[in-house]
Amino acid sequence: METNRLGLLQDEQKVKGWIVGISILIPIVVAILLFMPSKLELGTDLVYFLPHLNAIINSAASVALVAGVIFIKKNNIAYHRAAMTTAFVLGAIFLVSYVIYHATAESTTFGGEGVIRPIYYFLLITHIILAAVALFPILFAYYYGYTDQREKHRKVVKFAFPIWLYVTVTGVIVYLMISPYYTH
C-alpha cells in the first residue's frame, strides 16, 4: 500500500515537472519564432489563412470555457469535462497554428491611429503577457481536473480560468483590430 502511494507521488512529481517544463519552453519557442531574422518557407500561401482560423479557434475556445463554467455551476461534471477538454484541445490546435504562422509569415503592423492605437496596444501587450503565463495554471488546472483532484483543481482554476478567458477573448479582439492591415 505504502509502495503504491509512493509510486503515485513520484508519478505526480514527474507530471508536475513536465507541466513546468512545457510552460517555460513554449513561450520561449514562440518568442524565438516571432523574432527570428528570417522566416521558414513552406511554399504555400495557405499559411496566410491561419490568423483567420486562429480567431475562429479562439472564439470557439471562449464559448467552450464559458460553457464549462455554466455546466459546473449546474453540477454537470460530465459536460463540464467535455467543454473544458474541448477548450484544451482547441488551445493546442491554436498553438500549433500560431507557431506555424509566425514561423513562416512576417508580423503585420497595426495601422490604426488616434485613440484606437493605445487601446490596441494595451490589449495586445496584456494579451501577450498573459498568454505567456497562462499555460502554467491551465495545464495544472486540466491535470487536477483530469485526475479528479477537485480541491487542487478549484484553487488553480481561480487563476487559470480568468486568464485563459481573457487571452482567448482578447486574441479575437486583437485579430479583428489588425485584420484590415493584413496584406494577404
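**A residue and its surroundings**

Leaving aside neighbours within four places in sequence, T170 is in contact with L123 and H127. The model is a predicted one. Within it, T170 belongs to helix α5, which covers residues 150-178.

- A polar atom of the T170 side chain lies 2.7 Å from the backbone oxygen of Y166.

**The largest pocket**

- Rolling a probe the size of a water molecule over the atoms shows where empty space is left.
- The largest pocket holds about 1,400 Å³ of space.
- Two or more lining residues come from each of α1 (2-35), α2 (50-73), α3 (77-104), α4 (116-146) and α5.
- Helix α4 gives the most to this lining of the largest pocket, with 11 residues.
- By class, the lining of the largest pocket has 34 nonpolar and 10 polar residues, and no charged ones.

**The second largest pocket**

- About 620 Å³ of space lies in the second largest pocket.
- This pocket is lined by 24 residues, of which I72, H80, G145, H153 and V157 are the closest to its centre.
- The elements that each give two or more residues to the lining of the second largest pocket are α2, α3, α4 and α5.
- Helix α5 provides the largest share of the lining of the second largest pocket, namely eight residues.
- The lining of the second largest pocket divides into 14 nonpolar, five polar and five charged residues.

**The nonpolar cores**

- The largest nonpolar core contains 18 residues, and V156 and W164 touch the most other members.
- Helices α2, α3, α4 and α5 each give two or more residues to this core.
- The most residues in this core, eight, come from α4.
- Not counting residues up to four places away in sequence, V156 touches P137, F140, A141 and Y144.

Terms used:
Residues are numbered from 1 along each chain as its sequence is written. This is a predicted model: local features need pLDDT of at least 70, side-chain atom pairs count only at pLDDT 80 or more; totals for chains, interfaces and linings use all residues. Side-chain values use heavy atoms; hydrogens and water are left out. Helices (H or I, at least four residues) and strands (E, at least two) are DSSP runs, numbered from the N terminus. A polar contact is a pair of N or O atoms within 3.5 Å; within protein, one must be able to donate a hydrogen and the other to accept it, and residues adjacent in sequence count only if both atoms are side-chain atoms. Contact means heavy atoms within 4.5 Å. On a 1 Å grid over the protein atoms alone, a cavity is a set of points where a 1.4 Å probe fits but cannot get out, and a pocket is an open set with protein on both sides within 12 Å along at least five of seven lines; lining residues have an atom within 4 Å of a point. Grid points are joined across faces, edges and corners, and a volume is the space filled by probe spheres set on the points. Ala, Val, Leu, Ile, Met, Phe, Trp, Tyr, Cys and Pro count as nonpolar, Asp, Glu, Lys and Arg as charged, and the others, Gly among them, as polar. A nonpolar core is a set of buried Ala, Val, Leu, Ile, Met, Phe, Trp, Tyr and Cys residues joined through side-chain atoms within 4.5 Å. Buried means under 20% relative accessible area, exposed over 50%, partly exposed in between (1.4 Å probe, protein chains only).
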